[in-house]
Amino acid sequence: MDGAEDGDAGLPADASRVPLPAGLVAVPAHGAGAVGALLKRPARWWLWVKGAAWAAGAVLGVSLAVRNAASPWGVALALLITAVCAVMAGGDLALAVRGGRPVLVVDATDLHVLVFFSRVSVRLSAITRIRVYRRDMVITAPGGIAHRGRPGRARSTSLGNLRVLEVSGEDLAGYLSARADAAGAPR
């Protein structure tokens, strides 16, 4: 299974035969045979707009805190609004800043999610189940999930908001399932 027989050095021979669905692109910077999913262009624009709106909400929250300085409850509520808006702005802007770079990459052995607030790696050979629920995907891989490079005890992880990706959720799930089978994942 070290095979470079189909011209994809670094990929197992079975993995190089998995058809690439529309929306996934080659990402040579992540190794031979690595593919990635990009954000749709309209989704990037919408993420910038939402991020700016959430950032404006955070600024409004700070101004409310200053205006309500005499009331501890007013300040607490304004700071809560500020914190929520800042986190929401950060999530949207973290995706928008990726630009034309992939938000998830599948290399020879792993699936890597490269979003700032959700950096997770899933070993393909550990995947036991992939389910798509409307806009989200849940990947079950006991013992094969690492968050920010550190192995964890999580049995599953989720990929949210799949609708912003160039590849459809069903196509991505099918591709990951085929790659997991090629990697010898228990099913």
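## Helix 1 and its cover

In helix 1, the buried residues are Ala43, Arg44, Leu47, Gly51, Gly57, Ala58, Gly61 and Ala65; buried denotes a relative accessible area under 20%, exposed over 50%, and partly exposed in between, with a 1.4 Å probe and protein chains only. Helix 2 (72-97) is among the elements that cover these residues. Helices (H or I, at least four residues) and strands (E, at least two) are DSSP runs, numbered from the N terminus.

Helix 1 (residues 41-67) has 27 residues, which at 1.5 Å a residue should span 39 Å, and this agrees with its end C-alpha atoms, 39 Å apart. The expected span of a helix is 1.5 Å times one less than its number of residues.

## Basis of the model

The model is predicted: local features need pLDDT of at least 70 and side-chain atom pairs count only at pLDDT 80 or more, whereas totals for chains, interfaces and linings use all residues. Residues are numbered from 1 along each chain as its sequence is written, and side-chain values use heavy atoms, with hydrogens and water left out.

## Overall architecture

The protein contains three helices and ten strands. Along the sequence, these elements follow the pattern β-β-α-α-β-β-β-β-β-β-β-β-α. The C-alpha atoms fill a box of roughly 70 × 35 × 30 Å, taken along the principal axes.

Of the 187 residues in the protein, 40% are buried. Among contacts (heavy atoms within 4.5 Å) with a separation of 6 or more, 53% are between residues 24 or more positions apart.

## The salt bridge

A salt bridge requires a side-chain nitrogen of Lys or Arg within 4 Å of a carboxyl oxygen of Asp or Glu. By this rule the count is one salt bridge. The side chains of Asp92 and Lys50 form a salt bridge at 3.8 Å, N to O. This pair links distant parts of the chain, with Asp92 in helix 2 and Lys50 in helix 1, 42 residues apart.

Asp92 is buried, with a relative accessible area of 11%. Lys50 counts as partly exposed because its relative accessibility is 23%.

## Asp110 in strand 4

Asp110 belongs to strand 4 (residues 110-113). Asp110 is buried but has no salt bridge, and the nearest side chain of opposite charge, Arg123, is 5.8 Å away. For charge, Lys and Arg count as positive and Asp and Glu as negative, while His and the chain ends are not counted.

Not counting residues up to four places away in sequence, Asp110 touches Val105, Val122, Arg123 and Leu124.
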